[in-house]
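Here are some quick notes on the aromatic contacts, as promised. Have the model open while you read.

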Amino acid sequence: MSGEEDRWLTHQRKLMTESSAEMRMTNPGPSASPTRLYTDLLIRCIANTIYRDAPQDPWSGSSYSDAVRAEGRDWPSRAHSMIGVKRLENLRWAVETVIREAIPGDLIEAGVWRGGACILMRGLLAAHGEATRQVIVADSFEGLPCPDPTRFPQDTGDTHHQFSELAIPVDEVKEHFAAYGLLDAQVKFLKGWFRDTLPTLRGRRFALVRLDGDMYQSTMESLENLYDRLSPGGFLIVDDYGAIPACKAAVDDFRAARCIAEPLQWVDWTGVWWRRPRDGA
């Protein structure tokens, strides 16, 4: 193991110790609306808090923990998302907000792993009878790119490309959508490196953009290609802001360059979001 990998694992173990209380998703009870019961069940299945699958990472231990899964601090062995219950619930709230407020545009996640967050978005559209919006599933489906220290020195030494666990083939992600009965024409798969694929979306409008690209390069390329497509009142959600310094640097640099003054709102220990001002600034 290289010194960089050892430091990264040490950092992950440190983050793991910060949560002391067991956290479970609020159970609304059987009297809740069918929509709430369905979307709660989706979250439980996507995060696999039902069957409590063990993690596959080297830092979170060998057994399932409600607290760890709630905050997305492990890499599940079978769950369809590693972002945890809190960030899935935040995504549900954001999608339901843009539906309720009629914020125009599609929904996109850049960096999807096994597809769980996008599956939730498609399920939410179905639950609320939204038949015109699409969910864009953008990923290389080959893992993360090798660092390009010449163009993006902030990624120097990054080792994400070495983790085969992050390379989930597109056909496998499609199978996950199909398992939920949610693979249809409202789901569009965008396969390839962000620098090549995201510019092809310039004609689209988005109500919600979710970024989970880990690296400075992936995060910056996503912001540069997608933020101008985000509708006023739309949500920009970043998964790795608190966990990966390079991701944080990309977000901070972009916001500074674009004079974005909207405050960052924290979801949990790493996820953040803000809404694009309704005046379009």
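The points below go through the ring pairs and then the charges over rings.

1. First, the ground rules. This is a predicted model, where local features need pLDDT of at least 70, side-chain atom pairs count only at pLDDT 80 or more, and totals for chains, interfaces and linings use all residues. Residues are numbered from 1 along each chain as its sequence is written, and side-chain values use heavy atoms, with hydrogens and water left out.

2. Searching the whole structure turns up eleven aromatic pairs. Rings of Phe, Tyr and Trp (its six-membered ring) pair if their centres lie within 6.5 Å; planes under 30 degrees apart are stacked, over 60 edge-to-face, and the rest tilted.

3. Take Trp93 and Trp273: ring centres 5.2 Å apart and planes at 55°, so it's a tilted pair. Trp93 sits in helix α4 (residues 84–100) and Trp273 in strand β7 (residues 272–275), so the pair ties together parts 180 residues apart in sequence. Helices (H or I, at least four residues) and strands (E, at least two) are DSSP runs, numbered from the N terminus.

4. Buried or exposed? Trp273 is buried at 16% relative accessible area, while Trp93 is partly exposed at 38%. Buried means under 20%, exposed over 50%, partly exposed in between (1.4 Å probe, protein chains only).

5. Tyr241 and Trp266 are edge-to-face, since their centres are 5.6 Å apart and their planes at 70°. Tyr241 is buried at 6%; Trp266 is partly exposed at 48%.

6. Arg73 lies over the face of Trp269, 4.3 Å from the ring centre, and Lys174 over that of Phe189, at 5.3 Å. The test is NZ of Lys or CZ of Arg within 6 Å of the ring centre and within 35 degrees of the ring normal.
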